[in-house]
Amino acid sequence: MYKMLFWLKCFIKYNEALASLSLLTCVLSGPNASIHSLPKGAPPPGRTYNNNSSNTLAPSRKKKKKRAFVPLQRSGGYAVLLALYRQQQIPGSKGYMFKMELQSEAQPLCDKSFSVPDLGSKYTAWSSVSTLIQKNLLIKTHNPARYSLTDEGFALAERLESVEKERRNVPVEERRGAAGPEDDAVVDLTASDDEEEEERESLPERATGETQSSGDAGRLPLPGKTQVTMTTNRKPNRDCLLPGTYDVILCVDFIETTGGSHYRKQELVRELQRNGVGFDVRKLNVGDFLWVAREKVAPVPGQLRAPAARELVLDYIIERKRMDDLCGSIIDGRFREQKFRLKRCGLRRPIYLVEGSSSSAAHLSLPEATLQQAIVNTQVLDGFFVKRVQDVRESAAYLTVMTRYLSKLYQNQTLVCRSRELEGDVPSDEEERGNPSCSLISFAEFNHGAVKNKCQTVREVFARQLMQISGLSGHKAAAILEQYGTPHSLLAAYEKCGSESEKEKLLSCIRYGKLKRNLGPALSRTVYQLYCTPGALT
Amino acid sequence: MYSDSPQREDLRSSSDSDEELPVFDFLQPRPSTDVASQKARERQQQDREALKQEQERQKAERRALVEAAKALRPEECIRHMVVAVDPALLQLEGGGTLLASVQALGCSCAIEKQPLPRSVTWARQAPSLDLKRVSPSACVTQEERHSGPACSPTLTSWVREQQRRHPDKRLSLAVVELESYFRRKLGIRFTIFTDPRAKSHQAVVHLQLHTGVSVRFLSTWKEFSDHITMTTKAVAEAPFKRAREQTGFSFYLESDWAGGQRVDKAGKGLLQAWKRQIQQFNRVSSDVAAAILAAYPSPQLLKKAYSQCRTENEKLSLLSDLLIRRGEGVTSTTRRVGPELSKRLFLLMHSRDPEQNLDASL
């Protein structure tokens with residue numbers, strides 16, 4: 001009798017939910033303006049030009065316009081939408097999340113791992129994010145990337161949340177039975193996407209996977225974490241590694257071991273092996289050598305692959321340069337670019353390891369004095385620690401001694417995981433020089449942040465484009481961008497001008513740099529010519 | 001009754017001087033107004049002078065700023081450097097070479113007792129401000145002090161102590177003629193069997209990890225002088241180069257693009273600049289840019305093409321079917337620009353949000 005009542009209640013509730021889902025075509029206006037809030041000074045957004053359902057990029061894909069897109073429960077898309085929605089419910093929340101943050105908040109809501117792909121696949125739950133963006137449920141802005149819900153996404157997430165609440169109110173046995181009627185209304189987001197390989201069955205919650213070569217295991221959430229602890233600030237139970245629970249391992253960029261002068265590269269590895277140094281070869285997006293504190297994990301009986309070990313990266317990062325490399329990189333400009341990237345990678349103690357003697361510096365395209373000056377500049381100007389060695393054997397010796405000393409230094413230290421995306425970069429404390437830094441970034445976040453060709457924003461590309469004109473330096477471009485943040489904005493301003501002469505002078509009074517100098521009429525004119533010449537340029 | 005104009009003129013002409021009385025005072029004696037207007041004139045005068053002084057001050061300040069900036073430029077900066085050398089250092093073998101090299105640079109050299117023995121420090125003299133600002137660098141030579149691994153705690157603790165005493169300075173060590181020192185102290189036989197440099201590894205790494213101070217080993221005094229002159233140059237140019245890098249952008253313009261495209265007054269060169277602009281997107285090669293350029297040889301022509309599209313879809317895929325020519329004759333291949341790049345270019349030209357991301361998939 002009571003069972004019957006429960007079934008009936010269930011059925012009614014599910015039909016209500018179904019009815020509310022069919023209202024999807026009526027989009028609620030976004031309640032929170034903060035989702036789309038831009039930094040001050042930026043023009044208000046017009047339409048965000050993401051793919052809405054009326055666009056096809058891949059002509060072969062069939063559009064299901066009438067069908068509302070609803071992600072499967074506990075799928076990647078589902079978890080991401082819910083995680084963002086819940087963040088928004090907290091008063092004062094910032095309205096967006098960074099990638100690592102979002103993965104970490106969404107993971108408990110998802111049956112598939114965000115960081116570790118399943119066996120035989122290269123996709124993780126994160127792959128569904130691009131689908132969400134295409135369906136205009138999610139937008140990605142800024143660099144480093146921020147993810148936030150669109151109005152449609154918010155509305156959908158709201159419904160998902162209410163369904164989720166209903167689901168939890170109903171006891172487990174009834175849930176499984178009542179799953180029938182609404183199946184055709186719920187469309188697996190991933191099924192319509194050619195690339196997705198996600199299956200419908202639920203997968204074990206904590207996916208085990210390869211950690212050695214991808215090294216992506218840095219930020220798995222602690223088991224048993226509930227959604228209640230979600231805040232935009234530091235979590236109460238931060239990831240930390242207690243003394244004795246981790247090893248200090250040297251990481252060698254795989255390019256240092258292959259290609260080019262094959263013999264010499266192998267020699268470095270051989271020397272390290274001979275010295276008994278524990279090292280790991282992996283693809284580093286920046287730098288040639290660094291050290292990670294890797295959690296000691298015991299293999300689980302019955303499983304081939306060891307469980308994922310957390311990894312935090314120590315503050316030291318080494319860029320190795322042989323004299324001929326140095327010469328080549330100065331000539332083709334990589335020298336400064338590499339240093340720029342090293343300075344921004346989040347590790348606070350960069351080291352320049354220069355390998356070579358006077359004889360190796362002779363007979364190169366640049367005079368030795370130039371090379372030596374470049375090295376001194378790196379120390380004085382860029383603030384890198386410079387270590388000079390004679391040859392590859394001495395490089396190996398240096399790496400060996402460093403590894404041993406670092407292991408000793410960190411013997412009794414408790415390490416805490418710090419997130420760059422959430423907390424920003426903390427400048428290296430001078431006092432701290434003697435004391436090893438214990439607030440470290442996860443390897444996953446570090447390597448992800450150091451990717452070379454990162455996503456570009458409109459602002460970044462526009463700035464680079466302006467700098468293609470000789471005489472238009474970074475400071476000048478920055479000043480122009482303060483007035484006209486996008487090409488559209490600049491073109492619109494030109495349109496508004498009353499005369500050609502006005503257009504010519506549009507930028508001449510823009511002030512740039514510390515001294516607040518004028519951009520000047522000449523440069524203003526050149527930009528005008530570029531953007532306003534009606535016919536072909538010459 | 002009197003006519004207006006003569007009195008008015010008189011009034012006007014008497015506004016600057018206090019001696020002339022208004023013409024019509026016999027008509028209406030107004031002593032209070034006279035005094036009041038006199039005071040008002042005085043105040044006006046004072047205000048004007050104060051304003052003038054303020055403007056002069058601002059001009060002078062700006063001049064000083066410009067001169068200070070000029071003094072930091074690479075061509076100029078070295079002249080304003082002062083290299084201070086400890087007398088004890090000069091008494092050593094390489095003293096003369098050192099002095100000569102520094103003077104050859106064109107900067108001033110001061111011989112004065114340094115807070116650290118046998119050290120060199122750098123200071124910058126700003127031209128108009130007459131201020132000596134000490135650069136945070138000092139280079140110490142250690143010849144005798146360094147004596148092998150047993151010394152590592154001592155070396156580190158000594159350096160630490162120096163750092164504590166001079167918190168505003170960045171220290172670096174230079175060790176000169178270490179090998180000959182070892183040879184003298186320990187005999188030739190020793191150096192055959194043990195590499196003195198290997199022994200010093202431990203001490204140096206220990207020093208690095210605990211103090212962040214680097215050590216440079218130099219075999220000759222000439223090398224030491226060269227090191228000092230190079231450091232002088234680097235310290236001199238540091239502020240200018242650092243300021244140059246602070247653009248607030250998170251990207252670095254690679255050398256391929258640094259320098260920009262020269263454009264003459266007539267606008268010749270802009271086509272190449274436009275091509276380079278197209279190549280600022282990730283993963284756009286010269287061939288691809290050339291294809292887009294050929295179809296739309298100016299931003300305005302591209303804009304016009306977009307406005308002629310009827311749907312947004314058309315705009316998004318405007319460039320997708322442009323053919324890219326690569327190679328010549330038999331081996332030439334044809335590819336299309338593709339929808340992805342077409343979309344990125346569309347977003348760039350139409351977005352009103354500077355923070356809009358162009359690559360949605362990563």
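Two rings of Phe, Tyr or Trp (its six-membered ring) are taken as a pair if their centres lie within 6.5 Å, with planes under 30 degrees apart counted as stacked, over 60 as edge-to-face and the rest as tilted. By this rule, eleven aromatic pairs are found over all chains. The structure is a predicted model, in which local features need pLDDT of at least 70 and side-chain atom pairs count only at pLDDT 80 or more, while totals for chains, interfaces and linings use all residues. Residues are numbered from 1 along each chain as its sequence is written, and side-chain values use heavy atoms, with hydrogens and water left out.

A:Phe98 is buried, with a relative accessible area of 9% (buried means under 20%, exposed over 50%, partly exposed in between, with a 1.4 Å probe and protein chains only). B:Phe249 and B:Phe251 are stacked, with 5.1 Å between centres and 15° between planes; B:Phe249 is buried at 5% relative accessibility, and B:Phe251 is buried at 10%. A:Phe114, A:Trp126 and A:Tyr147 form one aromatic cluster.

Turning to the interface, 94 residues of chain B and 99 residues of chain A take part in the contact (heavy atoms within 4.5 Å). Two salt bridges are counted between chain B and chain A, a salt bridge being a side-chain nitrogen of Lys or Arg within 4 Å of a carboxyl oxygen of Asp or Glu. A salt bridge joins the side chains of B:Glu245 and A:Lys343, at 3.3 Å from N to O.

Key: Chains are lettered from A and ligands numbered from 1 in the order in which they are written.
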